[in-house]
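These are my notebook entries on a single model.

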Amino acid sequence: MLVVVTERPDTNDSQALAPSLSEITLTIPPSIRSDKNVRQLAFYEDLVGHLRDQPLNVLEVGVFHGGSTLLLAGYFPTSRILAVDIQEPPLVFYDELRERELTDRVKVVMVSQADAAGLQGTIESFFGSQQLDLIIDDASHLYSQTRATFDIVFGQYVKPGGIYVIEDWGCGYWPLWDDGHPDGRHGLPKLIKELIDLVALPNRTMSFDGPQSLLGSPGQPSPISRAMITNGISAFVRSEAPMPEPTIASKVPAWFNRRVARREITRFARTVRKRLSERLRQAREQLTEVPEAHVVCTLAAHVRYRRRVRSL
Ligand SMILES: C[S@@+](CC[C@H](N)C(=O)[O-])C[C@H]1O[C@@H](n2cnc3c(N)ncnc32)[C@H](O)[C@@H]1O
């Protein structure tokens, strides 16, 4: 007798059973479906698939007909989503929001991505003081506007470890695109390059004309810990708590530091003493006077260094 044992799906593994982005797309009325292609959907599955059970705060910039907003709401069932655009999506989208009982956790607001104050007010009135986990900019695809949004949102609202996606950056290679050029030095390719520069900034010494709002002083850790880029979509991860570059002093054990410091200071104190006695000897030989202030200062420095040695 042949017994076939098939493995039951693990019903606790909600991720394995949850519908994929492509499956959710098919539930959305064709007239308002997202224009995201299969490559982009696969990129998202890799990028944020592990987060789908978490109560994420999501900002979508660029709604169009609303298909992508419904897609996000279906993929992240406990998320709160703020979706902004300069034009109103069609009524059928709002019908879908109601039918899917999403009106509590999805809000759509008409505001331009380049309107700093409007965007800040909209974000703060929906999310309060909570920070954002995921931002998807699929709006103008123009350098100045996309950069304006990045400057405001990434710097102020993205939580450490949060992900900032910029879609369709390849538009900037099209000669007919408003700020496009095939040389890849204009439009969104220029912005993507600037953000890649930010990844490597910790040890920068050169001047940098990218998003200044993200920069501290030279030598500070980068605000972007990771960049993932493919044709048509890019993602940047905000650095976790700033990690100072290890200095030589912090690489060695504390007892070693103390011993080195004590030796250095003792050596310096000895040099100071030697210099003073040399000066006194010369003065005796030449019968000149050593200024009193000089003697006092030198002795004071010597005492200070001795004290520091003892305090270590
Ligand atoms: C490519 S569509 C968005 C597509 C949608 N995310 C999807 O996947 O189906 C671009 C949208 O960005 C909007 N948009 C263009 N410029 C904008 C701006 N300055 N601020 C906000 N939205 C803008 C357009 O109105 C349009 O609806």
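At what angle do the axes of helix α7 and helix α8 cross? I noted first that this is a predicted model, in which local features need pLDDT of at least 70, side-chain atom pairs count only at pLDDT 80 or more, and totals for chains, interfaces and linings use all residues. Residues are numbered from 1 along each chain as its sequence is written.

**Entry: helix pair.** I found that the axes of α7 (residues 143-156) and α8 (residues 187-199) cross at roughly 35° and come within 8 Å. Helices (H or I, at least four residues) and strands (E, at least two) are DSSP runs numbered from the N terminus. Axes are lines fitted to C-alpha atoms, for helices over the stretch in contact, with angles from 0 to 180 degrees between N-to-C directions. Y143, T146 and R147 of α7 meet G187, L188, K190 and L191 of α8; contact requires C-beta atoms, placed from the backbone, within 7 Å. I sorted these contact residues into 3 nonpolar, 2 polar and 2 charged, where Ala, Val, Leu, Ile, Met, Phe, Trp, Tyr, Cys and Pro count as nonpolar, Asp, Glu, Lys and Arg as charged, and the others, Gly among them, as polar.

**Entry: sheet.** I traced an open, mixed sheet of 7 strands in the order β3-β2-β1-β4-β5-β7-β6; strands pair if DSSP finds at least two bridges between them. Its edge strands are β3 (106-110) and β6 (224-230). Neighbouring strands are turned by 15° against each other on average, direction ignored. Strand β5 (residues 158-167) runs antiparallel to β7 (residues 233-238), with 5 bridges, and I163 stands opposite V237 of β7. β6 and β7 are antiparallel over 6 bridges, and I224 has R238 in β7 as its bridge partner. These two strands form a hairpin with 2 residues between them, and G232 in the turn has a positive phi of about 95°.

**Entry: helix on sheet.** I saw that α6 (residues 116-127) lies across β1 (57-61), β2, β3 and β4 (132-137), at about 160° to β2.

**Entry: contacts of V165.** Beyond its neighbours within four places in sequence, V165 contacts I135, I136, D137, I233, S234 and A235.

How values were computed: Two residues are in contact if their C-beta atoms, placed from the backbone, lie within 7 Å.
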